[in-house]
Amino acid sequence: MKTSTLAVYHCFALLWYMFLSYSILLIRAEDRPSEVFLYGAQWKYLTVLNLVFQAIFYGVSFLADVLRLIKKLRTVKYVISCRDLLFSVGAFPVATFVFISFWTLYTYNRELVYPKSLDGIIPMWLNHAVHTAIVVLALLEMIVTPHHYPPKKKGLTLLGFVSIAYISWVLWIYWATKQWVYPLFGLFSPVFLAAFFTGSIVFILCIYTFGEFLNHVIWGDSAVILEYKRKGK
């Protein structure tokens, strides 16, 4: 895909995620159902954090496209490296994790993750935009743009730290409010909860590995991707 076309695509994706983030943040505290508590506002939900992260990623991607168009090759190499790191350890695995975990729990018992009372506040299109379309855009990004993944140990370590940081945030909120961000956690014993968190980390690391494999299937080895970036195509 031509750089100019990529720039248009990344610009629209950036605006889309900014719009979604704004739409979620517009929901007034007084409209919240009783199951949703105020502490942490929307920032306690992985879905919302993912929207912001995706907006940052597509912003960096758009910047890389613009720099390639104006032939700032020395600067663009650094920006592309940041873009690829953001995609490999954040944009793809987190979007995929949110999609799979949300719809799995929603299918099993929606009250554990998305109470029916939210239907009157969050329209269906917005629910699908933040929980379904995210994985479609992540896969589309994988197809249209080659990404150079970091060494596997580095990538898994960084993603592991990100995962632990979010779990720590969830535990802090429970310590401060005695309420779980997701009602599901209240059903678990401490041992089972620890096992659940550990399994979630293992699962998202597996998603990272799958993303790396898929990127290789689509674009070949890293040498091809690096040559693509060197020529600024």
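Biologist: What makes H147 buried or exposed?

Modeller: Its relative accessible area is 0%. Buried means under 20%, exposed over 50%, and partly exposed in between, with a 1.4 Å probe and protein chains only. H147 is therefore buried. The residue sits in the loop between α5 (133-144) and α6.

Biologist: What kind of model is this, and how are residues numbered?

Modeller: It is a predicted model: local features need pLDDT of at least 70, side-chain atom pairs count only at pLDDT 80 or more, and totals for chains, interfaces and linings use all residues. Residues are numbered from 1 along each chain as its sequence is written, and side-chain values use heavy atoms, with hydrogens and water left out.

Biologist: Why is the pair H147 and E141 called a polar contact?

Modeller: Their side chains come to 2.9 Å. A polar contact is a pair of N or O atoms within 3.5 Å; within protein, one must be able to donate a hydrogen and the other to accept it, and residues adjacent in sequence count only if both atoms are side-chain atoms. The H147–E141 distance meets that cut-off.

Biologist: How many helices and strands does the protein chain have?

Modeller: There are 8 helices and 0 strands. Helices (H or I, at least four residues) and strands (E, at least two) are DSSP runs, numbered from the N terminus.

Biologist: Why is R68 with D65 called a salt bridge?

Modeller: The closest N and O atoms are 3.9 Å apart. A salt bridge is a side-chain nitrogen of Lys or Arg within 4 Å of a carboxyl oxygen of Asp or Glu. The R68–D65 pair therefore qualifies. R68 and D65 are 3 residues apart in helix α2 (residues 46-69), so about one helical turn separates them. An α-helix has 3.6 residues a turn, so residues three or four places apart point the same way. R68 has a relative accessible area of 5% and is buried. D65, at 0%, is buried too.

Biologist: How many salt bridges does the structure hold?

Modeller: It holds 4. One of them joins R83 and D84, at 2.9 Å from N to O. R83 is buried at 2% relative accessible area, and D84 is buried at 1%.

Biologist: What makes E212 and K152 a salt bridge?

Modeller: Their side chains meet at 3.2 Å, N to O. E212 lies in helix α7 (residues 190-219) and K152 in helix α6 (residues 152-177), so the pair ties together parts 60 residues apart in sequence. K152 has a relative accessible area of 38%, so it counts as partly exposed.

Biologist: Which residues have the most contacts inside the largest nonpolar core?

Modeller: Y17, Y58, Y182 and F185, in a core of 55 residues. A nonpolar core is a set of buried Ala, Val, Leu, Ile, Met, Phe, Trp, Tyr and Cys residues joined through side-chain atoms within 4.5 Å. Helix α3 gives the most to this core, with 10 residues.

Biologist: Which residues does Y17 touch, beyond those up to four places away in sequence?

Modeller: L51, Q54, A55, Y58, I134 and L137. Contact means heavy atoms within 4.5 Å.

Biologist: Which residues of helix α4 (residues 124-131) are buried, and what covers them?

Modeller: L126, N127, A129, V130 and H131 are buried. Their cover includes α1 (3-25), α2, α3 (73-109) and α5.
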